[in-house]
Amino acid sequence: MTTQGLLLLILLIIFVQLVVYAGVAFFRYWLSYQALKAEAGVAGPQPLPGPVAEPVSPAPAWEGWREFRVARRAYEDIAGQVCSFYLAPLDGKPLPAFLPGQFLTFRLDVAEPACGGSKSIVRCYSLSDRACPEHYRISIKRVPAGLASNHCHDHVREDAILAVKAPSGHFHLDVNGDGPVVLVAGGIGITPIFSMLSAALAARPEREIQLFYGVRDGSEMVMRARLDELAQRHANLRLHVCFSRPGPDDVQGRDYRHQGRVDIDRLRLELKIKPYQFYVCGPAPMMETLVPALADWGVAAARIHYEAFGPATVTRRAPEPEAGPALGVTFSRSGRRLDWQAGSLLELAEAGGVKVESGCRSGCCGACQTSIESGEVAYEQLPEFDVVPGSCLLCLAQPRTELVLAA
Ligand SMILES: Cc1cc2nc3c(=O)[nH]c(=O)nc-3n(C[C@H](O)[C@H](O)[C@H](O)COP(=O)(O)OP(=O)(O)OC[C@H]3O[C@@H](n4cnc5c(N)ncnc54)[C@H](O)[C@@H]3O)c2cc1C
């Protein structure tokens, strides 16, 4: 065979190999696409997880309130608006582990300048790092005129004692799985997301994780050093830091990757077609648009996990209930009967001057749990708190029938 002939043969073999490789790659891609489509129920938007009964959580790690000492405080951002509190149990007993994404519930005594005294309030804060045997960590953002957040920033110093309920919540990531994960955090929503990230990489350092973290500019970014360190150590972690309004000192490529908000277009642009599990936590506007948009994109409901820090209403594709006749709600202890037409029972009670306890107002802390003496309630959004049978959470519940409540 001549040299030219040999060269042609080699080129032909290389060409055939390339065609075969490309064909196999395309076939695999097509198969995973078909599998995802089939799982998502073929074309069309998917309903989001609705208020169905979830498996009952394991019993809390301890009952009621337990005292913790603030072992350390540390600011997490340049602006000093987010402070981490490291909490060690006062009784010195072992610290139970928790699932990454769960939160703690706090009872805080805050000053009431109007009457010169103080009052007890309840708030929830996500555990903001993976479990460690010595302490829990939470990270609190100062909210303008916010009672608990300002109290913690201004008055909860090292060695302060706090009353804390055991870790709880259904928004958590399975660290034993090895499937690809998309974590989406907006603002202070990074706290449970960071806990998930840190725990997932500690359990499986090679796991693919795409983290989308949206803030306004560099001054609002928290835990930056830890995030950069994790990204350097884990080849399969990809950080997509998005600044919606970068400051004059923020440099694209160095301080952030994308300009703009974290939205569905960004996700579609950056993500390959894979069976990702999505975990989303952020402010109400982000939750209310991004979560339904993921379903519209075809992501199966079982793969979308989310938590809002307040009463965000993530739109479900259920038809809006038609306004029916008013239902009577009797608050037996206060001797009041009110007509309910819309909104939560908590709003009804407050508007009608019935004195009821409340805390997070989003179904997490259980402060507004009230016994039902007769009648039935329904939930638009499944509570994170495990409600005692025969009771309801006023902040999320609506009457389904005429109702008598022990309040
Ligand atoms: C599961 C869960 C996890 C959470 N995790 C975190 C976390 O990790 N980090 C974090 O920082 N936060 C977290 N939060 C939010 C946190 O619980 C508090 O809601 C937050 O700190 C604000 O509480 P606050 O008492 O400071 O503000 P609040 O006093 O409750 O006020 C909240 C807002 O309402 C306004 N407001 C209050 N009263 C009125 C009124 N009468 N009229 C008009 N406006 C009013 C205030 O100005 C403020 O802007 C979480 C919430 C939940 C439910």
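A145 sits in the loop that joins β5 and α2, where helices (H or I, at least four residues) and strands (E, at least two) are DSSP runs numbered from the N terminus. The model is a predicted one, in which local features need pLDDT of at least 70, side-chain atom pairs count only at pLDDT 80 or more, and totals for chains, interfaces and linings use all residues. Residues are numbered from 1 along each chain as its sequence is written, and side-chain values use heavy atoms, with hydrogens and water left out.

With 81% relative accessibility, A145 counts as exposed; here exposed stands for over 50% relative accessible area, buried for under 20%, and partly exposed for values in between (1.4 Å probe, protein chains only).

β5 (136-141) and α2 (147-155), together with β4 (117-126), each supply at least two residues of the shell around the ligand. β4 gives the most, with four residues. In total, 21 residues surround the ligand, and the closest are C124, Y125, K141, A148 and S149; a residue is near a molecule or strand if one of its heavy atoms lies within 4 Å of it. By class, the shell has twelve nonpolar, six polar and three charged residues. In this grouping Ala, Val, Leu, Ile, Met, Phe, Trp, Tyr, Cys and Pro are nonpolar, Asp, Glu, Lys and Arg are charged, and the others, Gly among them, are polar. At least three residues of the shell come from each of domain 1 (66-168) and domain 2 (181-308), with bounds taken from an automatic or database domain assignment.

Which residues place N or O atoms by the oxygen atoms of the ligand? A polar backbone atom of K141 is 2.8 Å from an oxygen atom of the ligand, and a backbone N or O atom of L147 lies 2.9 Å from a ligand oxygen. From T191 the side chain takes part, with an N or O atom 2.8 Å from an oxygen atom of the ligand. These are polar contacts, that is, pairs of N or O atoms within 3.5 Å; within protein, one atom must be able to donate a hydrogen and the other to accept it, and residues adjacent in sequence count only if both atoms are side-chain atoms. On its own the ligand has 970 Å² of accessible area, of which the protein covers 65%. Such areas come from the Shrake-Rupley method with a 1.4 Å probe, and for residues only the protein chains shown count as cover.

Turning to the cysteines, how many disulfides does the structure hold? The structure holds zero, a disulfide being a pair of cysteine sulfur atoms within 2.5 Å. For C364, the closest cysteine sulfur is that of C360, and the 4.5 Å between them is too far for a bond. C365 is in no disulfide either, with the sulfur of C360 as its nearest, 3.8 Å away. C364 is buried at 8% relative accessibility, and C365 is buried at 3%.

R361 lies in the loop between α7 (345-351) and β15 (369-374). R361 has a positive phi of about 60 degrees although it is not a glycine, and its relative accessible area of 33% makes it partly exposed.

F385 belongs to the loop between β16 (377-379) and β17 (391-393) and is partly exposed at 22% relative accessibility. Its C-alpha atom is 6.0 Å from that of G366, 19 residues apart along the chain. K165 is partly exposed, at 24% relative accessibility.

Finally, T2 is found in the segment before α1 (3-39) and is exposed at 53% relative accessibility. A polar atom of the T2 side chain lies 3.0 Å from the backbone nitrogen of G5.
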